[in-house]
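Here are a few friendly notes to read alongside the model. Please have the two chains open as you go through them.

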Amino acid sequence: MRIVLAEDLALLRDGMIRLLTAYQFEVVEAVDNGPSLLRALTTHQPDVAVVDVRLPPTFTDEGLRAALAARAQMPGLPVLVLSQYVEQLYARELLAQGTGGVGYLLKDRISDVNQFVDAIRRVAAGGTAMDPEVISQLLSRHQDSSPVASLTPREREVLSHMAEGRSNAAIAARMFITEKAVGKHTNSIFGKLALEQSEDDNRRVLAVLAYLESAPREA
Amino acid sequence: MPDASVPDAAQPAAGQPAGRWALFGIVWALIGLRIVGFVLFAFLVASTALLVIWIGIPLLLGSLAALRGFAKLHRRLAGKVLGTTLNEPYPREVSGGVFAQLRFRLTDRATWRDLAWLLEVQSIGFALELSALVAFLILPLGYWGSPLLLRTDAATTRLLIGPQDEHLRERIGQLETSRADTVDHSAAELRRIERDLHDGAQAQLVALGMNLGLAQELVTRDPEAAVALIAEARESSTTALQELRSLVRGIHPPVLADRGLSGGVEALALAQPRPVEVDIDLPGRPPAPVESAVYFAVAEALTNSAKHAAAQSSWVWVRHDGRSLTALVGDNGVGGAQLTPGGGLAGIENRLAAFDGRLSMASPLGGPTIVTLEVPCALATTAAAR
């Protein structure tokens with residue numbers, strides 16, 4: 001799997017190249033600033049881009065902007081954005097294009113190597129990987145009168161995992177329940193939130209995220 | 001006149017006193033202005049008399065504004081005659097209803113000085129100017145006498161309505177208070193940051209180092225225990241990062257640095273449990289300290305509405321009118337809120353005072369609550385401001 005990596009801190013960049021190579025990824029180019037990132041993405045058209053939000057020259061949200069610009073040019077280009085902090089505003093901008101193949105994770109998550117590698121694979125396959133912190137912020141907006149409040153604690157847990165981008169099988173493995181039980185929960189969730197069920201995992205995740213992103217509605 | 005109350009000491013004088021020909025022109029202008037002065041005087045008297053019915057209030061406000069303009073014109077002319085600049089002694093204008101403005105005008109010493117000066121300039125001043133004109137026309141005498149008479153007239157104007165020390169003293173008092181508040185505030189902030197670091201991230205890193213050290217000892221003897229310790233160490237690093245993140249958010253939120261006030265406030269709105277409508281239209285970015293103070297003010301106001309006002313929704317509106325930045329934060333909650341000394345908003349008020357900013361709150365029982373911030377500042381036009 002071919003990867004373009006953008007990270008301005010040499011220490012982290014080298015560490016990540018080592019990590020990715022150890023997991024059989026091929027880092028075709030590693031850049032350290034926004035303009036070269038956009039150029040690298042257009043020339044290599046990688047299977048997935050792993051991008052730090054804050055990059056030179058402005059040290060603001062250069063990486064995110066370059067990633068969004070590249071996705072505008074090449075719709076569906078899988079991008080996994082990493083950051084020291086998560087902002088719902090940025091998650092919303094990444095999801096606004098309505099297509100999958102996006103991820104937005106805290107840099108801390110790299111330390112859980114298996115999860116991180118799993119997230120890269122998921123994004124490369126057109127899925128999503130949203131940081132649990134993004135999801136918990138989204139969920140916290142839906143209180144009291146929102147239909148989300150009517151979910152059981154178990155259903156809420158399934159909903160968070162689903163919103164993070166996990167498949168039923170992965171959710172079942174994490175919650176130590178059967179896939180069938182997860183399916184039962186998801187049916188109930190989609191019923192309570194009045195969302196249309198979909199066989200396609202990625203479409204299902206995007207529907208849930210769009211629902212949580214929108215302003216809380218009354219039950 | 002944004003900073004009219006602070007005469008700029010470094011400002012150079014307007015140059016040489018006017019020459020004889022210029023003075024000859026000025027004396028005609030002054031004589032002409034005496035007619036305007038009489039009309040103005042009549043208006044002031046009439047509008048004062050009309051105060052018994054409501055029409056008098058706007059009329060008096062208008063006449064006083066005209067008097068101010070009239071005085072400004074004379075300050076400029078007197079400045080030309082004397083070859084200096086006469087700074088304006090007026091304090092910063094207030095906004096508000098007609099009564100608030102009238103009270104502000106009538107309690108402003110500069111207004112009363114303007115009035116006293118009007119009486120002087122229409123009588124003694126008029127006499128001096130007429131004599132100067134006559135003397136100019138009778139050449140030999142006027143060559144020496146007229147400039148002297150005009151300078152006496154201009155000096156009287158300067159004496160009566162020139163810049164006054166007391167305004168400076170008042171202003172220095174304001175600045176001293178706001179500076180002391182700012183220093184207190186930064187000291188308290190630094191103390192908080194130090195404590196947060198000490199109890200939070202630093203402690204976590206110490207624990208992490210300890211666990212790793214222990215794991216190193218155990219790795220050959222008891223690999224299983226070592227693995228458990230390493231897992232614990234990783235957890236400490238995650239917690240430490242979490243604490244650093246929340247600390248950074250409290251100092252200078254990254255999204256504010258990235259996207260400016262509009263992005264920062266939008267991010268704030270997204271994090272609120274209730275819908276927040278954001279309407280921000282700024283042609284550029286305010287200076288970073290102002291941006292940050294306004295951001296935290298909006299954050300505090302939104303938190304208050306969510307916590308205390310039982311509001312269903314809130315809104316934020318921000319504009320810049322060329323002189324100052326105005327931000328309004330409102331909600332549809334129960335109202336009845338007050339600015340408590342030592343409370344969150346009072347702290348913000350102190351912070352804004354450092355930029356001559358103001359914070360006020362209108363919160364009648366039953367709602368709605370509206371917090372208003374006003375900070376005089378210029379905007380920097382950058383591509384990054386969106």
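A residue is called buried if 20 or more other C-beta atoms lie within 10 Å of its own, exposed if 12 or fewer, and partly exposed in between, with C-beta atoms placed from the backbone. This is a predicted model, in which local features need pLDDT of at least 70, side-chain atom pairs count only at pLDDT 80 or more, and totals for chains, interfaces and linings use all residues. Residues are numbered from 1 along each chain as its sequence is written, while chains are lettered from A and ligands numbered from 1 in the order in which they are written.

1. On chain A: 43% of its 219 residues count as buried. The chain has 10 helices and 6 strands (DSSP runs numbered from the N terminus, with H or I of at least four residues for helices and E of at least two for strands).

2. Contacts in chain A: residues are in contact if their C-beta atoms, placed from the backbone, lie within 7 Å. Among such pairs at least 6 apart in sequence, 63% join residues at least 24 apart.

3. Where the chains meet: chain B contributes 18 residues and chain A 15 residues. On the chain B side, helix H7 (223-251) and helix H8 (254-271) are the elements giving two or more residues, and H8(B) gives the most, with 10 residues.

4. One spot in chain B: B:Ala378 sits in the segment after strand E5 (369-376). B:Ala378 is partly exposed because 15 other C-beta atoms lie within 10 Å. Its C-alpha atom is 8.9 Å from that of B:Gly284, 94 residues apart along the chain.

Conventions. Contact = placed C-beta atoms within 7 Å.
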